[in-house]
Amino acid sequence: MEFFFEVLIGGLLAGVMYSLIALGFVLIYKASGVFNFAQGAMVLFAALTFVNLVERGLPFWLAFAATLAVMALLALLVERLVLRPLANQPPMSLFMATIGLAIVIEGVGQLVWGSKAYGLDLGIKDVPFELGGVRVSQFDLFAAAVAGTLVTALSIFFSRAATGRALRAVADDHQAAMSIGIPLPRMWRIVWAISGAVALVTGLLWGSRLGVQFGLVVVALKALPVLILGGFTSVAGAIVGGLIIGASEKLAEIYLGRYIGGGIENWFPYIFAMLFLLVRPHGLFGERRIERV
Amino acid sequence: MNVRMLVKRSLAGAALGLAATMALPAGATPNEQYFPMIGWRTGPLTPLGVNVAAGWIDYMDLLNKRDGGINGVKLTWEECETAYKVDRGVECYQRLLRNGPTGASAYNPISTGVVYALLDRTTTDKVPIVTIGSGRTDTTDGSVFPFVFPLGTNYLSTNTVKIKFIGMQEGGMDKLKGKKIVNLHMDSAGGRETIPLLDAQARKYGFEVTHISVAMPGSEQQSAWLEIRRIKPDWVILREWGVAPAVALKTAEKTGFPLNRIVGVPFAGTEDDLIPAGSSAKGFYVVHPMPTGEFPVTQEIRKHLYAGGNKGNLQDMSRMGLIYYNMGLTYGVLNTEAVRTAQKKFGNKPLTGEQIRWGLENLNLDEKRLRELGVWGLVQTIRTSCRDHEGGGAAKVYQWDGAKLVQVSDWIMADKAITRPLIEESSAKYAKEKGITPRDCSKE
């Protein structure tokens, strides 16, 4: 039984890491209805910028602040050069634009920071400790705390701050939001900048585990089943979806994988999410949209 | 290199090429040997693609600048970007096939997936595929695969070196009896390649082997390592690449498995894989058929390509002498030596892929020749034949000390007595499936 709980807790903590990636997607989808294919590239670019600044002698917090500024600048450029010219275009056009954006961000990252892989030490050892007979990773607990803080901060921002409430209005109805004087371009800049900040935190945590390397981009795909399960528009859904996906894929790998050849944890979440879609197409926390046609 | 310089160089190169073409009499063939380079400088395996290409191009550039090419024939090359994707690899193959005065000399895809996809095409198109340190192992049997060359050390050979090394650590091969070994492998064609061999070795030496697969890209491996902890193996063989090795080593640390009981394949343990893992990987062993470090040829490259502020193909000089760059040098050495060997039979002129295939099948790189080339210690002695397209079979073992790879063994020779029957069994099966009549190597 201890082994079962170890797998379960390990899975839940791994799920928190997936939630972090999913959060970036949710923020942008909420505000603009765009599935941002470039989120993985943003994670890579943020982590690359951070480690290169640290390597050039900047202290941790200064490098963190400078990278936040770079991500804010990126948000500004995305709004000016990609979103504004495509305003009022079908969502598919915006989605296609983010595919192009992903290629550009990855290319610029390589051009500016080079192609080598970096180690990233956040000062938290990834060694286990015993908790009631179950081994738990210190790093995973730290990641869970960071994710929890981030979600709480974002929830407060969306419910209490004026900008946060404006973003919710934009997410609800662009036309209505504009009619009451909410500037859409400014809102887009803000939400892309927040998403950039989330990408930086995600990049640091994932980069600390995988190393800061170009393979970080593919990690973003881990967010897809989480989004399907949790819903594309819910911050809480990203967390709950991540936990369910993390736990189920680990348990499936251990208890089901041995009967079907193993190596199933990569595709199992997609099957799980697909089955879930059949029952609840808008996800656990997603908005159920009914449109008059 | 900045953008302006890159544009200037490209324009200068294009102008030079145009001038050279215009200077040729009508109908004359340029005196050039053309190499298509299916590789990548983008995507998840960027450091591998960038640095292997740099080593390979630098070596060809060295021959051009220092020696005027190979016996007067200039080497030319063209890169095609695959982003490490099989479909794009096949597209690149097709696109570059007929370029150059005599078509493609040889393909070196550095991707087992691409090798599998092109296997049937090579004989039809009569262009060899060279798969140094990768590819499909049964192509070692040249009687069935005349156009494919897993030169140096194929997957099975590397694996027997690992088992030999484990035996050495345990105090002899007889001490392997009763030991538990886990083969943690990627769930792909290349990842599964060594399963039959390990099963055969387990029967021969009496150890117990468990195969655990990890789904690509391997960014989460907690389940696998919890399973490993439950099995309590004496050794783990790490057959992973890309982002996976760093994850595996960190997860091993997280689950409390000792790092000095893990032996990795070459692509799990280059500096670019281990730097991200950092001190978590300290103690990890890795087998390398293409070693790390600088050799006389590296000094020649520095002198002829990089001295006086000049630039070769390598953008980040800190990568010179590391595994991936040296891998590229090895690609350069083996491909160009095949051209040189083929020239002895067909003359000092641009050769076709079919003629270079003959060169690849008659390579003889002994210590004397390797010393002449300045690659003794980097490239192992290689002698190929119709029967044996591998030609070598040795590898060195390194250990990560937290910051660099430290050599802990000299060349260890593969156990070919166990690999050869498996290779022949597999190639015979392929020949039967495809209706191929194997060549009679005694008549070659």
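I began with the lining of the largest cavity, where α1(A) supplies the largest share, four residues. Before going on I note that this is a predicted model, in which local features need pLDDT of at least 70 and side-chain atom pairs count only at pLDDT 80 or more, while totals for chains, interfaces and linings use all residues. Residues are numbered from 1 along each chain as its sequence is written, chains are lettered from A in the order in which they are written, and side-chain values use heavy atoms, without hydrogens and water.

Entry: cavities. I looked up how many cavities reach 30 Å³ or more and found five, a cavity being a set of points on a 1 Å grid over the protein atoms alone where a 1.4 Å probe fits but cannot get out, with lining residues having an atom within 4 Å of a point. The largest has a volume of about 120 Å³, and of its 14 lining residues the closest to the centre are Glu6(A), Arg135(A), Val136(A), Ser137(A) and Gln222(B). I also noted that α1 (2-32) and β2 (134-137) of chain A, together with α8 (222-231) of chain B, each give at least two residues to this lining; helices (H or I, at least four residues) and strands (E, at least two) are DSSP runs.

Entry: second largest cavity. I recorded a volume of about 80 Å³ and a lining that includes Ala117(A) and Gln213(A) as well as Pro44(B), Asp272(B) and Tyr324(B). Within chain B, α2 (46-67) and α10 (271-277) each supply at least two of the lining residues.

Entry: charged pairs. A search of the whole structure gave me 39 salt bridges over all chains, each a side-chain nitrogen of Lys or Arg within 4 Å of a carboxyl oxygen of Asp or Glu. I followed one of them, in which the side chains of Glu79(A) and Arg189(A) meet at 3.0 Å, N to O. Because Glu79(A) lies in α3 (residues 60-83) and Arg189(A) in α8 (residues 184-210) of chain A, the pair ties together parts that are 110 residues apart in sequence.

Conventions: 1 Å grid on protein atoms, 1.4 Å probe; cavity = no way out; pocket = protein on both sides within 12 Å on 5 of 7 lines; lining within 4 Å. Points joined across faces, edges and corners; volume = space filled by probe spheres on them.
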